[in-house]
Amino acid sequence: MVMMASALTAPIPAAPPPQWAQPDGRITLRTLILIRWVAVLGQLAAVTFVNLGLGFPLPLGPVLAAISASALLNVVAMAQRGGRLRLADRDAALYLSYDMLQLTLLLYLTGGLSNPFAILLLAPMTVGAAILSRYSTVLLTGLNLICLTALALWHFPLPWEEPVRSMAPLYAFGVWLSLSVSAVFIAGYVFRVAAEARRFADALAASQVALAREQRLGALGALAAAAAHELGSPLGTIAVVAKELARDLPPDSPYGEDVELLQSQVMRCREILADLARKPEADGGDPFERLPLTTLIEAAAAPHRLGHIDFVVEPHPVGEAEEPFLRRSPEIIHGIGNFIQNAHQFARHKVTVAAAWDGRGVTITVMDDGPGFPPHLLGRIGEPYLSVRGERSGPKGQTGGGHMGLGIFIAQTLLEKTGATVRYTNNPPAGTPPADQTAGGHANQGGTGARISVRWKTINAKK
């Protein structure tokens, strides 16, 4: 037993096979130890009640040995690791496999599938489906089916006051089939739900990192502008002193060249500081600065524009509505900028951003003349880790297959945080009548290409 405990708590090899590789432990050893202690106490309580309370005969020796094995394994695991270790995929699968085999042995000694507690055999597999990889979940489910089949074929009689007839073969088959189907269904359902929850958690964490970066860049831009302003006064004093020195020195002074160099460097510093003060948006800008809508779009697109792709911003006011001023928030800058960057990567010749507004709302639509979104994925675009690059070829057939599909999700999440709604479509075929000129529509670009519309219902909703 000590050897088994040592094997289960042994360190993970430095380079496990790919199917066992799990970069982050999803459960701690302490949690599995706690679950096992609960199972041990429950098993002891059931054995005590059946044997002493009901007086049913039990093979106490083997039953207590199986329960003691779990208790001893827990003690050894606590002594070796202290319970604080986050288990890798393989180690967690081994722990849960042991729990399943131990419970199978207890059921074998106490009636097999006719034992009312046979349903508990699904518990280790359910826990595994929630925390293990697909490969380990499939293996654990297969082990569960093997255990159910073995219990249906071989087991001790069910403990009872008097000998009980075994289940009818057809009924026994029905019990086995129901538990087997339940095992497969529960494993698949729990694994799918848990995997989706993990994907969204990871993607939201990436969104927070992107937003934090934009906020840091914004603070850096504001700090640069403030520093440029504060350094202007002492630099001006240095320039005045250098000018007076140059005027007072005789023409043949050996210090003349040094003073000229000092004056040239002072002028260079003044130009650098003036540039920082004039264009803080290059490093993120002031996040509280309010800009006209078209200027905001230009600022978001500036880092992502490519020289060989034409970039056009088309304003589409409705009636006499004045162009709204929006706060240059990191969410809007990063979100719109990501959509424009994506359009540049797939455009053939031109990227168009249409800005429409009326007295109530604002719509920004990013269009390109590339291949467009795959039609069968239009309903799923915006989900985390869904990349369409393998099917949406860029210029010269490039697909960008190394991308994780997080960019659009992060952009959508950040924009929805400001109250926007995002819609993904493809440009209508050439010749389609243009959309009505409302805050939600604009002239069609025509032909192929992707179209991403960002709509705020009220201007005041944007933060």
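**Entry 1: Tyr98 and Ser70**

I looked up the side chain of Tyr98 first. One of its polar atoms lies 3.2 Å from the backbone nitrogen of Ser70. I am working with a predicted model.

I then checked how far apart the two residues sit. Tyr98 and Ser70 are separated by 28 residues in sequence, and their C-alpha atoms are 8.8 Å apart in space.

Next I placed Tyr98. I found Tyr98 in helix α4, which spans residues 89-109. Is Tyr98 buried or exposed? Its relative accessibility is 11%, so I note Tyr98 as buried, the cut-off being under 20%.

**Entry 2: Aromatic pairs**

How many aromatic pairs does the structure hold? I noted five.

One of them joins Phe339 and Tyr424. The ring centres are 6.3 Å apart, the planes stand at 85 degrees, and the pair is edge-to-face. Phe339 belongs to helix α10 (residues 330-346) and Tyr424 to strand β8 (residues 421-426), so this pair ties together parts 85 residues apart in sequence. Phe339 and Tyr424 are both buried.

I followed Tyr424 to a further ring, Phe373. Here the centres lie 6.2 Å apart and the planes meet at 85 degrees, so I note this pair as edge-to-face too. Phe373 sits in the loop between β7 (362-368) and α11 (407-417), 51 residues from Tyr424 in strand β8, and the pair links distant parts of the chain.

I also looked up accessibility. Phe373 has a relative accessible area of 3% and is buried. For Tyr424 the value is 9%, so Tyr424 is buried as well.

**Entry 3: The cluster**

Which residues do the ring pairs link into a cluster? I wrote down Phe339, Phe373 and Tyr424.

Conventions. Residues are numbered from 1 along each chain as its sequence is written. This is a predicted model: local features need pLDDT of at least 70, side-chain atom pairs count only at pLDDT 80 or more; totals for chains, interfaces and linings use all residues. Side-chain values use heavy atoms; hydrogens and water are left out. Helices (H or I, at least four residues) and strands (E, at least two) are DSSP runs, numbered from the N terminus. Buried means under 20% relative accessible area, exposed over 50%, partly exposed in between (1.4 Å probe, protein chains only). A polar contact is a pair of N or O atoms within 3.5 Å; within protein, one must be able to donate a hydrogen and the other to accept it, and residues adjacent in sequence count only if both atoms are side-chain atoms. Rings of Phe, Tyr and Trp (its six-membered ring) pair if their centres lie within 6.5 Å; planes under 30 degrees apart count as stacked, over 60 as edge-to-face and the rest as tilted.
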